Amino acid sequence: MSDAVVPHRSEDHHAPTGWFKRALDSDIFYSFRRSRLTMVAAAITLTFFLLAIFASWLAVQNPFDPAQLQLINSRIAPLWTADGQSPFLLGTDEQGRDVLSAILYGLRISLAVGIAGVVFAGALGIALGLIAGYFGGVVDSVIMRIADVQLTFPAILIALLVNGVAKSLLGNRLDEMSTLGVLIIAIGLSFWVQYARTVRGSVMVEKNKDYVAAAQLIGLPAPKIMLRHVLPNTMGPILVIATINLALAIITEATLSFLGAGMPDTMPSLGTLIRIGNNYLFAGEWWIVAFPGIALAGLILSINLLGDWLRDALNPKLR
Amino acid sequence: MLAFTLRRFLQAIGVMLAVGVIAFAMFRFAGDPVNQIVSIDTSAAQRAEIRHSLGLDDPVLVQFGRYFINALQFKFGVSYQFRLPVSSLLAERLPATLELAICATLFAMVAGILMGVYSALRRDTILARLFQAVSLIGISLPTFLIGILLIYLFAVTLGWLPSFGRGEVVKLGWWSTGLLTVSGWKAIIMPAITLGLFQMTLIMRLVRAEMLEVLRTDYIRFARARGLTTRAIHFGHALKNTLVPVITVAGLQFGSVIAFSIITETVFQWPGMGLLFVQAVQNVDIPIMAAYLLMVSLIFVTINLVVDILYTVVDPRLRSPVGRAA
Amino acid sequence: MTQPVLSVRNLEVEFVTRRATLRAINGVSFDIAKGEVLGVVGESGAGKSVTGLAVIGLIDPPGRISAGEIELSGTRIDHLPPEEIRRVRGKRIGMIFQDPLTSLNPLYRIGDQIIETIRTHTNLSESAARRRAIDLLAEVGIPAPEKRIDGYPHEFSGGMRQRVVIALAICAEPELIIADEPTTALDVSVQAQIIALIKRLGRDHGTAVMLVTHDMGVIAETCDRVAVMYSGRIAEIGPVQEVVRNPLHPYARGLMGAIPTLAGEDKRLVQIPGSMPRLSAIPPGCPFNPRCAFAFDRCRIERPEPIRRGTQSVACHLFEPAKETAA
């Protein structure tokens with residue numbers, strides 16, 4: 001995949017003429033260029049995942065361990081500037097935390113929360129969609145009514161509310177790990193609707209097909225039919241929704257943390273790092289916020305590109 | 001038409017009732033109001049007394065009814081943090097949020113429509129491709145990062161614009177406006193752009209797609225065959241037909257703009273309802289959270305209703321029951 | 001003889017695609033005189049509509065007029081700058097499209113659309129243009145025009161909408177009307193009325209009409225002359241009685257055999273075997289040769305040029321003077 005990392009810039013700035021121009025505008029060239037962009041995005045996404053997985057080997061310190069942080073090392077500029085100091089490649093923040101290490105560990109948190117949140121949302125949505133589609137009637141209309149109402153509200157508002165309520169219920173018992181859990185639940189509750197709608201639609205269609213009737217005739221229990229036969233049919237669209245939602249979930253987590261309603265300073269995610277760094281922007285210490293910001297933007301952009309490509313490639317009937 | 005409006009209206013009331021139940025549940029069960037009032041060493045008897053005086057030992061339905069009737073009169077209880085009625089806190093913050101949301105929406109519509117029309121009419125120019133790239137980034141970048149970037153550029157580096165607050169504010173009765181002072185205008189530029197950027201990309205993509213669609217229609221071809229000027233065709237016929245769905249989307253998005261202002265207000269320390277809400281979440285101030293939820297829901301539901309009705313005004317085909325004669 | 005209103009000479013229209021350059025119109029020539037109705041028939045894809053669009057200058061990229069001349073009352077109008085051809089459209093040439101349901105902008109009152117067109121081409125005031133619009137609506141047979149002028153397109157039936165479209169096409173008194181399958185989308189009962197209306201307007205105003213259709217019945221009862229098109233060429237052109245009664249080109253013969261008549265009910269309609277070649281696969285020589293029962297070697301090699309036979313003109317090697325055929 002490394003040979004795919006070719007800048008695709010040359011075509012963009014070219015002012016083509018005649019047949020050449022028309023060739024550049026053609027569908028085939030477009031998809032080719034797009035798929036090359038997709039490969040770049042895939043490579044970047046993969047890199048981010050690897051960085052997150054091997055964070056503890058790559059980082060010079062464990063930023064979550066206060067014992068490893070030394071105030072002498074605080075606010076050091078990146079290595080290539082005049083004030084840079086080894087081994088702090090991207091500089092340090094006010095607690096003497098190495099920015100690069102913090103990004104690697106923060107990436108881990110962001111991805112973990114994002115993926116777990118999407119899995120939770122998917123599980124919830126698929127379950128509710130199956131129930132709604134299979135039972136129909138009152139159950140269906142109650143679930144779908146809730147979905148309709150929730151869909152009119154932005155996910156971030158719901159996630160904030162869930163977060164606030166959880167804080168109020170748990171009070172002081174809320175440590176880092178349970179905050180992680182609360183974030184996952186908040187994201188899950190914010191994003192289940194699309195899965196539920198998709199699955200419900202498929203169930204409604206498949207329910208009346210002959211093979212389901214045949215399965216019923218040979219005595220397979222209905223839930224088994226749903227899980228074994230109907231669910232696999234919806235996997236394509238589900239995968240697309242999940243990919244696009246992963247980017248959204250990461251944004252949501254980062255936003256919550258940025259707003260101070262997510263990961264605490266002692267166990268920062270990318271959003272938390274950006275919130276901390278934002279306070280030092282006016283003091284000229286731009287690196288504390290810039291690098292986590294670039295990491296977050298790059299991660300989201302590449303996942304979005306992957307999602308777009310996946311949607312076109314699988315071309316399921318989404319909306 | 002009347003039946004349609006009435007049905008939509010009933011649906012809206014249903015949604016508001018559902019949200020009311022959630023807000024009440026939060027208010028009543030998530031934050032125990034007694035704990036917020038008393039200190040740790042208050043005796044159990046005193047707690048029971050306060051509980052009784054607040055009506056917290058009444059049946060839940062009675063309490064819900066009471067909460068509901070109070071909410072209808074915009075009485076949402078007292079903020080734990082500020083010890084002030086939530087309604088007056090919200091009312092004080094409302095103008096800031098509305099001004100920001102309106103400016104952001106106007107920015108998003110003007111810029112989005114211009115960019116969308118341009119990239120539809122001049123599809124192969126470098127500028128049009130630049131717009132496409134910007135729209136991809138605008139959809140991908142989290143709002144707060146854009147805000148921070150703008151602050152770094154225009155407040156920290158260039159020093160042109162203030163990085164926080166509303167600037168000088170003028171009181172007009174109970175309404176406070178920043179749009180009558182120079183510092184107020186300077187202060188609103190960056191927050192409005194930050195808040196409106198996402199909607200702008202949305203509108204731009206929509207306008208571009210719709211415009212390309214409309215330019216392919218027969219009535220545009222016929223308009224050209226009639227010898228109308230390119231200007232009249234593009235900006236009269238095509239744009240008017242493009243704007244029908246755009247108005248709908250922009251209108252429906254206004255609620256989201258208000259909700260998303262939570263983030264922008266935090267970045268720019270904009271003294272609006274969103275900032276109040278974020279502080280409430282951080283400090284577990286349940287009455288404010290519940291009231292904010294109700295307020296935003298009300299705005300959402302109202303907008304949906306208005307857009308539905310407005311839609312029939314813009315598109316004459318939906319106005320009369322005569323419909324499409326063959 | 002007086003100068004024709006429209007004179008097309010050796011018109012070629014090409015569409016440049018990724019893979020190849022497709023020639024949709026290949027050497028088409030014809031004239032239309034003042035007050036004359038020329039019918040253009042042929043299967044879909046024969047180039048009828050493209051010819052009409054080329055005349056009015058509405059061939060969009062990747063299509064272009066690659067050769068030939070188009071003259072309107074003696075002045076060339078092909079390759080005019082966009083702004084000048086725009087002034088010709090609607091003013092000197094009116095166009096009527098196939099589907100009246102989609103030809104009108106649904107968001108504008110029909111009166112506004114007519115007034116807009118009138119005011120684009122004349123310097124009438126708003127109120128004068130409105131009076132003219134009402135007169136036009138009356139002329140095309142819309143009842144209570146002073147009331148209907150403020151209606152939206154969706155409030156009109158299909159036939160009435162096509163009348164509005166016609167009013168729009170004639171509102172600047174054009175010299176030429178191009179009607180591209182004006183009745184295809186309409187109910188059979190309405191078709192005759194619309195055809196009669198176009199014919200009447202052409203006669204009353206001395207307008208030349210180019211009537212594109214694939215309906216031989218319409219041609220037979222409406223047109224003065226008819227051009228039969230096949231694969232981007234004119235196979236045969238001549239006075240309508242001659243071409244219908246005595247078609248020369250084998251394709252035209254097949255086409256005329258395909259007109260159902262009430263008299264000969266038990267006679268089976270003649271079908272032309274096969275179908276018209278796609279633009280990307282036009283055979284060399286005469287494009288009709290693979291389907292032609294009379295084709296001989298020369299038809300597969302050499303492209304036939306139009307040959308005059310009396311009042312008709314036919315592009316077929318069968319009508320070469322016999323001695324040359326033998327050589």
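**View 1. Chain C is divided into domain 1 (6-92 + 172-326) and domain 2 (100-171).** Domain bounds come from an automatic or database domain assignment. This is a predicted model, in which local features need pLDDT of at least 70 and side-chain atom pairs count only at pLDDT 80 or more, while totals for chains, interfaces and linings use all residues. Residues are numbered from 1 along each chain as its sequence is written, and chains are lettered from A and ligands numbered from 1 in the order in which they are written. The C-alpha centres of the two domains of chain C are 30 Å apart.

**View 2. Contact between domain 1 and domain 2 of chain C.** Here 16 residues of domain 1 meet 17 residues of domain 2 (contact: C-beta atoms, placed from the backbone, within 7 Å). On the domain 1 side, H8(C) gives the most, with 6 residues.

View 3. Helices (H or I, at least four residues) and strands (E, at least two) are DSSP runs, numbered from the N terminus. S8(C) pairs in the parallel sense with S3 (residues 37-41) over 4 bridges and with S7 (residues 176-180) over 5 bridges; pairing requires at least two DSSP bridges between the strands. C:Leu38 stands opposite C:Met210, and C:Ile177 has C:Val209 as its bridge partner.

How values were computed: Contact = placed C-beta atoms within 7 Å.
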